[in-house]
Amino acid sequence: MNTVLAELGRRYVERWVAVLVLPGLLYVAGAVAAHRLGHAHWADVGRLAGLVDPGGPLGGGRTSLWVLAFVVLPVLSAAAGLAARGAAAALGRLWFDPWPYGLRRLARRRTAARAKRWQAADRAYLAELEGSGARPPAEARARIDALAARRNAVALGPPAHPTWTGDRLSSVGARVWAWYRLDLVFAWPRLWLVLEESEQNALRAARAELDTAVTLAGWGVLGLLPAVWWWPAPLVAAGVFAVALRRTRAAVDTLAHLTEAAFDLRAAVLARELGFDVPEGRLSPETGAQVTAHLRKHA
């Protein structure tokens with residue numbers, strides 16, 4: 001799935017700038033306001049009135065205001081944006097990729113705990129399937145669906161990552177392989193070329209939403225810094241981070257569904273474009289294995 005993320009992320013350098021510049025200005029303004037208020041006067045908005053006054057604490061004349069507006073603020077905003085992007089990259093590493101060496105033990109414990117939860121939910125689901133004949137059909141179906149949703153809320157398959165997001169993204173490759181015998185790493189760049197423009201745009205939009213959500217989480221981490229001067233800052237940062245985490249999970253789920261849907265709709269088209277004799281309908285695992293061998297080229 002990292003291949004998918006890399007391909008979709010190539011066109012969003014400009015979007016990173018748009019996402020970071022304005023929040024950077026807001027962050028710098030908020031940090032200055034927090035420093036001005038301090039712990040003792042944390043809610044005294046009146047203390048902010050003189051911040052932009054030429055004779056105020058940031059003053060020194062109108063020249064100083066011009067320098068502040070067109071030199072200092074853009075530089076500080078860019079620095080804050082880079083810091084937020086760095087925090088977002090670190091979070092992305094924890095959410096989507098294998099954890100670094102120093103955190104491997106913690107990662108194994110978290111993965112084992114998630115696997116235990118998944119196994120318990122899976123046993124309950126299978127037990128309900130076996131005993132569903134004793135219930136009215138509608139009640140049995142509702143119970144089975146509820147237990148399946150509880151299991152899938154942990155992961156779509158046995159957890160192999162310490163986070164839900166990591167498992168959700170990796171599940172795409174596993175499900176595509178299980179159903180079509182296509183290797184996502186080798187098939188995705190070719191599949192992208194046979195997608196229609198509307199399908200590509202839907203995937204780009206999903207990736208953009210994921211980028212935005214992870215960046216917002218980075219700003220939530222950076223929001224802890226003003227706590228040095230203003231004690232309510234951690235509460236604001238926690239709220240931002242919680243919203244970002246919720247948006248990230250939703251964006252990951254959407255991107256995973258759309259990526260899998262691209263294979264469902266276009267895998268047979270890809271095989272035909274590569275010269276394989278594929279009848280109308282879905283791609284068979286046997287043909288998918290041949291396509292994978294062709295794409296790997298003995299790699």
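**Exercise 1. Find out what share of the chain's contacts between residues at least 6 apart in sequence join residues at least 24 apart.**

Start with the contacts between residues at least 6 apart in sequence: 71% of them join residues at least 24 apart. Keep in mind that this is a predicted model. Next, look at what the chain is built from: 10 helices and 0 strands. Reading from the N terminus, you get α-α-α-α-α-α-α-α-α-α. Then check burial, where 39% of the 299 residues count as buried. Finish with the surface: the chain exposes about 16,800 Å², and carbon and sulfur atoms supply 63% of that.

**Exercise 2. Work out how helix 6 and helix 9 are oriented as they pack.**

Step one is to locate the pair: helix 6 covers residues 164-180 and helix 9 covers residues 233-273. Step two is the geometry, with an angle of about 10° and axes 9 Å apart. Angles under 35 degrees count as roughly parallel, so helix 6 is roughly parallel to helix 9. Step three is to see who makes the contact. Helix 6 brings residues including Trp164, Leu169, Val172 and Tyr180, while helix 9 brings, among them, Val252, Ala256, His257 and Phe263. Step four is to sort the residues of this contact by type: 8 are nonpolar, 4 polar and 6 charged.

**Exercise 3. Track down the residues that touch the most other members of the largest nonpolar core.**

This core has 38 residues, and the ones to pick out are Leu182, Trp188, Leu191, Phe263 and Leu283. Now ask where the core comes from. Helices 3, 6, 7, 8, 9 and 10 each supply at least two of its residues. Helix 9 gives the largest share, 11 residues.

Zoom in on Leu182. Leaving out residues up to four places away in sequence, Leu182 touches Val176, Trp177, Phe263, Ala267, Leu283, Gly288, Val291 and Thr292. There's also a second, separate core of 6 residues, with Tyr27, Val28, Ala80 and Leu222 among them. As background, nonpolar side chains tend to be buried together in soluble globular proteins.

**Exercise 4. Describe the backbone and the exposure of Arg181.**

Second, check its backbone. Phi of Arg181 is near 60°, which is a positive value in a residue other than glycine. Arg181 has a relative accessible area of 32%, so it is partly exposed.

Conventions: Residues numbered from 1 in each chain as written. Predicted model: local features only at pLDDT ≥ 70, side-chain atom pairs only at ≥ 80, totals over all residues. Heavy atoms only, no water. Axes fitted to C-alpha atoms, helices over the stretch in contact; angles between N-to-C directions. Helix = DSSP H or I, 4+ residues; strand = E, 2+ residues; numbered from the N terminus. Parallel < 35°, antiparallel > 145°, perpendicular 65-115°, else oblique. Contact = heavy atoms within 4.5 Å. Nonpolar A, V, L, I, M, F, W, Y, C, P; charged D, E, K, R; others polar. Core = buried A, V, L, I, M, F, W, Y, C linked by side-chain atoms within 4.5 Å. Buried < 20%, exposed > 50% of the residue type's maximum accessible area, 1.4 Å probe, protein only. Areas by Shrake-Rupley, 256 points an atom, 1.4 Å probe, with all protein chains shown as cover.
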